[in-house]
Amino acid sequence: MRLFTLAIALATSLTALPATAATATAAAEHAAPKPAAATELIVNGTFTDGTAPWWSSASTTMTTDGGRLRVDVTGGTADPWDAMVAQNDIPLAQGKTYTLSFDASASTNVSAVTTVQLGDAPYTNTLTQPITLSPTSEHFSFPFTSALTTSAGQVTFQLGGGAAHTFYLDNVSLTEAGGSSSSPIELTDGFYVDPASNPATWVNDNPGDYRAGRIEAAIASKPMARWFGNWNPDISAAVSAYVSDAAAAGKLPVLVAYNIPGRDACGGHSGGRRRQRGRVQGVDLRLRVRDR
């Protein structure tokens, strides 16, 4: 609910700006108050000092490889926690906002679980996040609010329950938001790129078109606002699904509310005011991809 409220507030402020992702991003970053400095709680998250104070359980062998953590995982374990790497002594405070982020990959496609939890019994979790890994390194970011107050917290990467593989980890960070800032930029990891946007859908439907690569690079892969209006049979469900997808990715969604009663200065226009000096004009924006 907090992310939804922040997303709606930001979307409202952006609807008065020119509708380009670059302008929206720049405006949000400059308009938002500077977030207070975050407190880093992970020690040696870049593995420049070897593996300490990280530890590994049975069914794993841990070392560094090319400036990142390498964990060789034995197959045949029953549960994710039967093979894991972790760091202890993480301080947590109930009600405070944190973000866990890291880069990870594996030698083959596998599933894993990362947690922030108590380091001792009953091992209560305040973040439990399944992740899917592949040979391509991916950046993960998960904001959460702690349900625990403890000086004995633990960050884990649980790798068991599957076939033998090698797990790679780097740039691990667990930060506490400084002060009482609730900036949506601080609480997320950039703007959400909608995989179901019109440009993304067109690219997926036309993979053989010579324009697909250019449209993917210039438009479909960029953040943009999702519009909601009377074409959505259930706006509440549509907004909830969109915001949930963005939250799962650790990204900030931008929403635009359409069909607001009395939104026009005069009754005969579907958007914008009459062409008068100093007033907002309706804009007809068309994309043309030309051969050069």
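Predicted model: local features only at pLDDT ≥ 70, side-chain atom pairs only at ≥ 80, totals over all residues.
Me: Where in the protein chain is confidence lowest, and where is it highest?

Reply: The mean pLDDT of the chain is 79, with 73% of residues at 70 or more. The lowest confidence falls in helix α2 (residues 21-31), at a mean of 41, and the highest in strand β4 (residues 68-73), at 96. Residues 1-35 stay under 50, and the model gives them 38 contacts beyond four places in sequence. Residues 272-292 are also below 50, with 22 contacts beyond near neighbours in sequence.

Me: Which residues of helix α6 are buried, and why do they line one face?

Reply: In an α-helix there are 3.6 residues a turn, so residues three or four places apart point the same way. In α6, the buried residues are V239, Y242, V243 and A246. Viewed down the axis, the buried residues of α6 lie within an arc of 95 degrees, and therefore line one face of the helix.

Me: What is found at the start of α6, and what follows the helix?

Reply: At the start, a side-chain oxygen of D234 comes to within 3.2 Å of the backbone nitrogen of S236. Helix α6 itself, residues 235-248, spans 20 Å from first C-alpha to last, close to the 20 Å expected. G250 follows α6 and has a positive phi, near 70 degrees.

Me: Which residues of helix α4 are buried, and which are exposed?

Reply: In α4 (residues 198-205), P199, A200 and V203 are buried. Their arc around the axis is only 100 degrees, which places them on the same side of α4. N198, N204 and D205 are exposed on the other side. The buried residues of α4 pack against α5 (212-220).

Notes. Residues numbered from 1 in each chain as written. Heavy atoms only, no water. Buried < 20%, exposed > 50% of the residue type's maximum accessible area, 1.4 Å probe, protein only. Helix = DSSP H or I, 4+ residues; strand = E, 2+ residues; numbered from the N terminus. Arc of directions from axis to C-beta. Contact = heavy atoms within 4.5 Å. Expected span 1.5 Å × (residues − 1). Polar contact = N/O pair within 3.5 Å; in protein donor to acceptor, adjacent residues only side chain to side chain. pLDDT = per-residue confidence, 0-100.
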